[in-house]
Amino acid sequence: MEGTSVLRLLALISLLSCSTNQAGLTVSPSRSQFFEGESVSLSCEEDDSSAGWTLRRNTTRGTRTQCADGWWRKEGSTCKASSIREHDTGVYWCESREGASSSSVQLTVTGGSVILQSPVLPVMEGDDVTLSCRTKTPPSSLPAAFYKDGSLIRTEPAGHMTLQQVTSSDEGLYQCSISGNGESPSSRISVSGSDLSPFVKMTPPTQAEPVPDDGDDDEITTKHHF
């Protein structure tokens, strides 16, 4: 019994040690899709600066590259692009010197005229999540059809759709289209349980998926239910 108690104590200490050495990837504006030419910044919000968190990405131009390798502009712990391009589409994440990784996010850059504004990070189970379908040029709020995994959900006259109190069944690939303007790329929405952190995973990120400023970023909203 005493040996078991010691093992449990060591496991708890190890867990607490890991939880205090974490980083979250912050994307600004906080969305997963961008028009070509827009500006974006990414940063690693770290609990322990001594861990040496580095922003990395996988794109068609390279794997596990970091901001200092020549893409975008590094300012402290932030990596900025003043004019994002389609070849910047890919998977982005923070990585420590010890090899721990934050949750990875998929950023999609399109040369088209429609994007879906959706949360770039996993949303909490029970939240309300509002999606917005936007055009590159005004008027941006037009009637839009929303799809999940290729199937039509519904059409909204103002281009906004709210998912009420999301659960794991709401996870999937979402897309929207606006008549006369075209359709957006697809973006995945992930849902985390209340006991899980949406920011830190200890698993390596996946390779980027291939991909064939209107000032309305605040249309992406989540509402917590307690």
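1. The link between Cys 133 and Cys 176 is right-handed, with 85 degrees about the S-S bond. It connects distant parts of the chain: Cys 133 sits in strand β13, Cys 176 sits in strand β17 (residues 172-178), and 43 residues separate them. The two sulfur atoms of Cys 133 and Cys 176 are 2.1 Å apart. Both Cys 133 and Cys 176 are buried. Please keep in mind for this and every later point that the model is predicted.

2. A disulfide is a covalent bond between the sulfur atoms of two cysteines. The protein has three disulfides by the distance rule, which asks for sulfur atoms within 2.5 Å. With bonded cysteines counted along the chain, the pairing pattern is 1-4, 2-3, 5-6.

3. Another disulfide joins Cys 44 to Cys 94, with an S to S distance of 2.2 Å. The torsion about the S-S bond of Cys 44 and Cys 94 is about -105 degrees, so this disulfide is left-handed. This pair also links distant parts of the chain: Cys 44 belongs to strand β3 (residues 40-46) and Cys 94 to strand β8 (residues 90-95), 50 residues apart. Cys 44 and Cys 94 are both buried.

4. There is also a disulfide from Cys 67 to Cys 79, where the S to S distance is 1.9 Å. The link of Cys 67 and Cys 79 is right-handed, with 85 degrees about the S-S bond. Cys 67 lies in the loop between β5 and β6 (73-75), while Cys 79 lies in strand β7 (residues 78-81); the two are 12 residues apart. Cys 67 is buried, and Cys 79 is buried as well.

5. Now the overall make-up. The protein has one helix and 22 strands. Of its 226 residues, 44% count as buried. The accessible surface of the protein comes to about 11900 Å², and 51% of that surface belongs to carbon and sulfur atoms.

6. Ser 184 deserves a paragraph. Its place is in the loop between β18 (182-183) and β19 (187-189). Is Ser 184 buried or exposed? Ser 184 counts as buried because its relative accessibility is 2%, and buried means under 20%. Leaving aside residues up to four places away in sequence, Ser 184 touches Gln 33, Val 114, Ile 115, Leu 116, Gln 175 and Cys 176. One of these, Cys 176, is the disulfide partner of Cys 133. Ser 184 and Cys 133 are 51 residues apart in sequence, and their C-alpha atoms are 7.9 Å apart in space.

7. Strand β13 holds a further residue to look at, Asp 128. Asp 128 counts as buried because its relative accessibility is 11%. What does the side chain of Asp 128 reach? It reaches the backbone nitrogen of Gln 165, at 2.7 Å.

8. The bond from Ser 28 to Pro 29 is cis, with omega near 0 degrees. Pro 29 is found in the loop between β1 (23-28) and β2 (33-35). The bond from Pro 138 to Pro 139 is cis too, with omega near -5 degrees. Pro 139 is found in the loop between β13 (128-135) and β14 (144-148).

9. The backbone angle phi is the next topic. Arg 64 has a positive phi of about 55 degrees, although it is not a glycine. Arg 64 is part of strand β5 (residues 62-66). Arg 64 counts as partly exposed because its relative accessibility is 42%, and partly exposed covers the range between the buried limit of 20% and the exposed limit of 50%.

10. Asp 149 is not a glycine either, and it has a positive phi of about 50 degrees. Where does Asp 149 lie? Asp 149 lies in the loop between β14 and β15 (151-156). At 49% relative accessibility, Asp 149 counts as partly exposed, since the exposed class begins only over 50%.

Technical notes: Residues are numbered from 1 along each chain as its sequence is written. This is a predicted model: local features need pLDDT of at least 70, side-chain atom pairs count only at pLDDT 80 or more; totals for chains, interfaces and linings use all residues. Side-chain values use heavy atoms; hydrogens and water are left out. Helices (H or I, at least four residues) and strands (E, at least two) are DSSP runs, numbered from the N terminus. Buried means under 20% relative accessible area, exposed over 50%, partly exposed in between (1.4 Å probe, protein chains only). A polar contact is a pair of N or O atoms within 3.5 Å; within protein, one must be able to donate a hydrogen and the other to accept it, and residues adjacent in sequence count only if both atoms are side-chain atoms. Contact means heavy atoms within 4.5 Å. Accessible areas come from the Shrake-Rupley method with a 1.4 Å probe; for residues, only the protein chains shown count as cover.
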